[in-house]
Amino acid sequence: MPSSAEFCGIDPEQMGQLATSLRGAADKLTTFSKEFEGKLRENGVETPALREITDIADWGGRQVSMLHGRIDLINALGDGAPELGGAGGAASVAAGGQGLIRLPDELKDYDLAQGLARMYGEDILVNFHSDLQAKLIHEHIDDVAKIAENPQAAAAFFALLSPKVRDALPSIIAASGSKTAKQDLATFSKALGAALNAPTLVPAFAKVRSDLVKPVDGNIVAWNRLALLKGANAPSSIRSAAARALVLDEFAKRPVQEWRAGSLGGNKYDLPDDLVAMGLEVLDGDGAAVRDAFAKMGGTDVKLSQVDKMKLFLDYAKGVGTGDEVADAFGRAMEAGTEAKTEKAGQHSPKAAAFALDLIKVAGTFGADLPWPAKDSMGVVANSYVHEMVSGGRFDRAADRSSGMQIPQHWEALPGVTPAFYLSPGDTSQFMKTFVGEDKVADAFDSTVAKFRYDALLSAARLDAQGNTDYFRDISLMFGDFGSVAFKTAKDVLGEEDAISDMTRDITKNTVGLMLGGVSFTKPVFEVGWEFTQAYIVSTASDKWADSFETQVQAATETRADLARRMKYEMAYLLHSGGYPASEPPSELLSAATGNLKTYDELVAEARSEAVGDKKWEQVLQTKLDAYDGWMDDNASLDKKVEHSSRFQTSDLAENLLKTPN
C-alpha cells in the first residue's frame, strides 16, 4: 500500500457500531438462509447459493468476535489516554482532536503481547508450581524475547500483565527451581527495558512506568522491582527515580534499619539480598543515573552533602553482615558516576570530575580500612584519574593547597598534564591507601602511571627540542614528587620493610631477571622505566634501602645495581626519542628497527648474547655504556638536561611534608 500523509486509525466507538451492524446483518442472513432453505427443501429444491449465504453469515459472526476482541485490546492499551478522559482530553478535543485512541501501529504484535500477558499472568505464573512451572516459563521465553524487539509490543505486554504478578516475577521464577532462572529473568528485563525506552508511548504503560518509580510497602516488592529493573537498561531518569523511591531516599533518611529482603532468589540471579545493594545495582553502569541519584537522594528533607551520602554507604557496609554486597555495588556505582571506564584520562567532563573529587575525599577518610570489595573500584577510578593523582603529588607548586575544582594559586600547568581538579598531596596519599597492598589493583595503577610518565616525558622532550623551555625537567620533578608520595603511602600501609620488599620482588622478577640465564625480557620500556624510577626515588628516602633492595639485586645479578646511572640512560633515551638536539649517536647504540637509541635493557641483552669465551657479559656491557657516556659528554646541553632531570626524579619530600593522619 502506498504511503499516505493522511491519519489512519481506529475509533473504538465506531468500531463497536460496525460490529453491532455486522452482527445484525449476519443474524439476518442466517435467518433468511434457514427460512428459505426450509421452504425449498419442502419442495424438493436444493441450491448451493443458500450454503454460500450461510458461510457468509458465519464469517460475519467470526468477524464480530474479532472486532470486539480488538476493541477490548485497544481500550485496555489506551487506558489513561487523554482521548478516554485522562488528563489533557478536553484540550485534545478543543485543539481539533478526533477523540481517537492514538496507539503506535503494532496491532499484530499487540495480539501476541496480549496472549503472553494472559498466559503468564493468568495461568503459568499463578496456576503452576515447581518443575512444571519452570518448564512452562522457559518454554515460551522466546516469545518474550520476540516482543522485546518491539518496544510498543513490550509495553503492551507489561501493561496487560497483572500488577501483582509483575511485582513478584523474579521471586516466582526463582521459587520454581528453574535452572534457566537467570536467563529467563534477563529476557523479561530486556522486554521491560524496551518498553521503558519506547520512542512513542502506549498509554496504558504509563501507569506501569509510574508504579515502578513509587515507594512500596515492604522490602520484598521493592527487591522484585529492582531485580526486574537491574537488567533492563532503563533510561537514566527511570533508574535514578526507581532506586531512590524503592530504597535510597529512605536509606538517606534512616540508614539504621533492616534492609534485607530475605532469600528471594538472589543466589539464582547473582544478585544481593540487601535492598541497599540492590538500589546501587540498578544504578551500576549509568553515570548520569548515579550522579542524579546521589544529588537528589533523600529529597528536600535530607540536608547531607554528596560526600556525606557516599560515607553513609561505606559506614553501612562496614557495620552489617551484608556489607560486602553493599561495598561491591557501591564501588561499581562509583566507577559509573566518575565515568572511569567511559571517559579518557585527562579529558573528564566537569560533572564526572566533581563526582570523582567527592569520592576521592570520602574514600580517603577510610584509607586502608575501606571495605575490601570496593578497593578494586578505587583502583579503576585512580587509573582513569591518573592526571589528577600524579599532579596531586606535586610539592613544587602550592604545596599547602586544599583539594578542589579550582586551579590553586601559584599553580603552573605542565604540557600533557590536564587534571580536571586539583588534589592536595595528603588527599592523594589517603586515596591511594584504599588500594595499596591489593597486588592486582596496585600493579594496574603502576602500569597506568608508567605509561603516563613515558608519554608526558616524551612530549616534554619534543617541546624542549623546539624552544627554550625546561618542561622535561619539570615533568621529571612532578613524577619524582609523586613517587615519593607513593612510597610514603605504601610504607604507612605496609610498613617500610614490606613496602621495599614488594618493590624489590617486582623489579628482580620482571626487570633484573633479564640478567639471569634463560629469562626473557617482556615488559614494555615505559613500565621498566617507572619501576626503576620508584627504586631510584626510594633509594634516597629509606634507611632500610641498602639492606633490602641492593642486597637482593646483588644476589640476583652478581653485581651492584647503579640506579643513578641507569636513570641517566633512560632520560637520554627519552630526549633523543623526542628529537632533542644532539649529535648522531654511535651506530652501535642505535636500533636498526626504530632508529632510536637502544634502551638499557636492550644493551644488556646484546651484551649477554655477544659475550663469548672468557669475556664476561658485564665487560661487554661496560664497553657499550662507555660509548653511551662519551656521546652524552659530547653533547653538553643534552647532558645537562639529563643530569638535572635524573636528579629531580629522586625526592624525599613526602617523608618531611606529608604527615600521617591520626
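In the predicted model, S176 is found in the loop between α9 (169-175) and α10 (181-196), where helices are DSSP runs of H or I with at least four residues, and strands are runs of E with at least two, numbered from the N terminus. With a relative accessible area of 3%, S176 is buried, a term that stands for under 20% relative accessible area, whereas exposed stands for over 50% and partly exposed for values in between (1.4 Å probe, protein chains only). Beyond residues up to four places away in sequence, S176 touches S130, D131, Q133 and A134, contact being defined as heavy atoms within 4.5 Å. The phi of S130 is near 55°, a positive value in a residue other than glycine.

A positive phi also occurs at H410, a residue other than glycine, where the angle is near 70°. H410 has its place in the loop between α21 (386-391) and α22, and with a relative accessible area of 60% it is exposed. As background to both cases, most residues other than glycine have a negative phi.

Residues are numbered from 1 along each chain as its sequence is written. Because the model is predicted, local features need pLDDT of at least 70 and side-chain atom pairs count only at pLDDT 80 or more, while totals for chains, interfaces and linings use all residues; side-chain values use heavy atoms, with hydrogens and water left out.

The protein chain contains 32 helices and zero strands. Of its 662 residues, 50% are buried, and the chain exposes about 30,400 Å², of which carbon and sulfur atoms supply 50%; these accessible areas come from the Shrake-Rupley method with a 1.4 Å probe, and for residues only the protein chains shown count as cover. Among contacts in the chain with a separation of 6 or more, 74% are accounted for by residues 24 or more positions apart.

The largest nonpolar core holds 151 residues, among which Y120, F157, F188, F294, M334 and Y628 touch the most other members; such a core is a set of buried Ala, Val, Leu, Ile, Met, Phe, Trp, Tyr and Cys residues joined through side-chain atoms within 4.5 Å. The largest share of this core, eleven residues, is contributed by helix α23 (residues 439-466).

Helix α23 packs against helix α24 (residues 471-494) at an angle of about 160°, with the axes 8 Å apart; axes are lines fitted to C-alpha atoms, for helices over the stretch in contact, and angles run from 0 to 180 degrees between N-to-C directions. The two helices α23 and α24 are therefore roughly antiparallel to each other, given that angles under 35 degrees count as roughly parallel, over 145 as roughly antiparallel, 65 to 115 as roughly perpendicular and the rest as oblique. Residues that make this contact include F445, V449 and F452 of α23 and Y471, F472 and I475 of α24. Helix α24 is also packed with helix α22 (residues 425-432), at an angle of about 50° and with the axes 9 Å apart, which makes α22 oblique to α24. That contact is made by P425, T428, S429 and M432 of α22 and by F482, V485, A486 and T489 of α24.

In helix α15 (residues 275-283), nine of the nine residues are buried, so the helix is largely enclosed by the rest of the structure. The cover over its buried residues includes α12 (219-230), α13, α16 (287-296), α17 (306-319) and α18 (323-337). Within α15, A277 counts as buried at 0% relative accessibility, and apart from neighbours within four places in sequence it is in contact with P272, E325, V326 and A329. A277 and E325 are 48 residues apart in sequence, yet 6.1 Å apart in space, C-alpha to C-alpha.

L248, in helix α13 (residues 236-253), likewise counts as buried at 0% relative accessibility. Residues up to four places away in sequence aside, L248 touches A243, V276, L283, M297 and F313, of which V276 and L283 are buried residues of α15. The C-alpha atoms of L248 and K296 are 9.8 Å apart in space, with the two residues 48 apart in sequence.
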